[in-house]
Amino acid sequence: MASEKVETVIAGNYIEMEREGEDSKSNKSKFSYFFWHGGSAYDAWFSCASNQVAQVLLTLPYSFSQLGMLSGILFQLFYGLMGSWTAYLISVLYVEYRTRKEREKVDFRNHVIQWFEVLDGLLGKHWRNIGLFFNCTFLLFGSVIQLIACASNIYYINDNLDKRTWTYIFGACCATTIFIPSFHNYRIWSFVGLMMTSYTAWYLTIASLIHGQVEGVKHSGPSKMVLYFTGATNILYTFGGHAVTVEIMHAMWKPQKFKLIYLMATLYVLTLTLPSASAVYWAFGDMLLTHSNAFALLPRTGFRDTAVILMLIHQFITFGFACTPLYFVWEKFIGVHYTKSIFKRALSRLPVVIPIWFLAILFPFFGPINSTVGSLLVSFTVYIIPALAHMITFAPAAARENAVERPPKFLGGWAGLYSMNSFVVIWVLVVGFGFGGWASLLHFIQQVDTFGLFTKCYQCPPHKA
């Protein structure tokens, strides 16, 4: 084996460590790198796009029935841009943190940087603790939602088992993600996952248009304020998938290239979510208010079964995306993060999966749980905290003067950037967390009252329950 060479590359003030010469002549190594070991800007784009739109694709028509067509489209565009902005802020803070540390000769080659560590390094332990709480709680429930979605989807192919039993089965399947070491190793999964979601989105669009409007279709949304803000927070959740931004950046060979990747991913995702949600809502209207999963209303065909199977596979991938940062946190907590034994790390990760399994069985409310998580957790994790952290980090004149990443010129310098961040904080705090939290919690409690905790088969036809 050729000796490993570590080359220090300086790009502006940013010091980057790259590895070269790792058996590049070996066919096995080339095969492994092609399918397994990604780190390019393209890999990051696929990871962002694949992670951003998964099961939520199936609940957006439900949100449109709560919001109405016009508000549904406008909120997607608005939160898509806002999510891209805060993902950009997170990338700036990551580069700032890593640059400062590498100037202190800190080597990150055997360490995965996470968001709470960025907050700790730039703002101190109190910010670290706040970031750790919100990020881990959001990723925990994000994994729960993927597991719930698996059970909800497979039921439309095989209803011989109730959704709770399917949750047990898919919980065991998703637990196999403990063997995937890091985001480097999601190269082929990210690509395949996005292709699967793209198929499903266009299936929903075309199938709804071919099906046409149901007899007597009504489009009464928005009809109630509770439903309106519940739908809005589901869209807030949709474009708040960048809780894993730091881990994806750290898996890149050149993290400073990440700046516009999330925006590019969002633009592609909008080509999937806008047509599919609009078409399904146009065809079925208010029927979606009692069917949070779009598959429930479309007739069973080979195309629909294919979409269900592809979404199941993609939800497995997205479960891994949400869980991997939790695995890292747990590894660091118990002291096995630096071990080179994949088996030892995998075994240590198992306790992370157990509470996810339990919560998916406890709260199987596919759809309403998205809005609740969006308002209470996503609002802080990926909107409010990054915007506030950015403003406080660069509040001192010296920090602005020595910033690795300067504000975009079109914003009007630091003043424009602070204005944008202030708007994000106020909007999300009032509309997302305030009104959204009130509405989604109220709606969630209604689901608990109607169906009960640990319900066997949420929103199943009465004769199948």
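Visitor: Leucine 312: buried or exposed?
Guide: Leucine 312 counts as buried, at 9% relative accessibility. Buried here means under 20% relative accessible area and exposed over 50%, with partly exposed in between, using a 1.4 Å probe and protein chains only.

Visitor: What am I working from?
Guide: This is a predicted model, in which local features need pLDDT of at least 70 and side-chain atom pairs count only at pLDDT 80 or more, while totals for chains, interfaces and linings use all residues. Residues are numbered from 1 along each chain as its sequence is written, and side-chain values use heavy atoms, with hydrogens and water left out.

Visitor: OK. Where does leucine 312 lie?
Guide: In helix α12. Helices (H or I, at least four residues) and strands (E, at least two) are DSSP runs numbered from the N terminus.

Visitor: And what is leucine 312 in contact with, leaving aside neighbours within four places in sequence?
Guide: With Cys150, Asn153, Ile154 and Phe170, where contact means heavy atoms within 4.5 Å. Leucine 312 is also 9.1 Å from glutamine 146, C-alpha to C-alpha, although 166 residues separate the two in sequence.

Visitor: Which residues lie nearest the centre of the largest cavity?
Guide: Gln146 is one of them, along with Asn51, Phe138, Tyr237 and Gly241; the lining has 15 residues. On a 1 Å grid over the protein atoms alone, a cavity is a set of points where a 1.4 Å probe fits but cannot get out, and lining residues have an atom within 4 Å of a point.

Visitor: Which elements give two or more residues to that lining?
Guide: α2 (41-52), α6 (125-154), α9 (225-238) and α12 (302-334). The largest share comes from α6, with four residues.

Visitor: What volume does the largest cavity have?
Guide: About 190 Å³. That is the space filled by probe spheres set on the grid points, which are joined across faces, edges and corners. The count of cavities of 30 Å³ or more comes to six.

Visitor: Change of topic. What about threonine 266, buried or exposed?
Guide: Buried, with a relative accessible area of 1%. Threonine 266 lies in helix α11 (residues 261-284). Leaving aside neighbours within four places in sequence, threonine 266 has contacts with Gln52, Gly80, Ser84 and Phe239.

Visitor: What is the phi of lysine 105?
Guide: Near 70°, a positive value in a residue other than glycine. Most residues other than glycine have a negative phi.

Visitor: Where does lysine 105 lie?
Guide: In the loop between α4 and α5 (115-123). Lysine 105 is exposed, with a relative accessible area of 75%.

Visitor: Where is the kink in α16 centred?
Guide: On glycine 436, in a helix that covers residues 413-451; the kink is about 40°. The bend at a residue is the angle between axes fitted to the seven residues ending there and the seven starting there.

Visitor: What comes just after α16?
Guide: Glycine 452, which takes a positive phi of about 85°.

Visitor: Last one: how many helices and strands are in the chain?
Guide: The protein chain has 16 helices and two strands. Of its 465 residues, 58% count as buried. Among contacts in the chain with a separation of 6 or more, 83% are between residues 24 or more positions apart.

How values were computed:
On a 1 Å grid over the protein atoms alone, a cavity is a set of points where a 1.4 Å probe fits but cannot get out, and a pocket is an open set with protein on both sides within 12 Å along at least five of seven lines; lining residues have an atom within 4 Å of a point.
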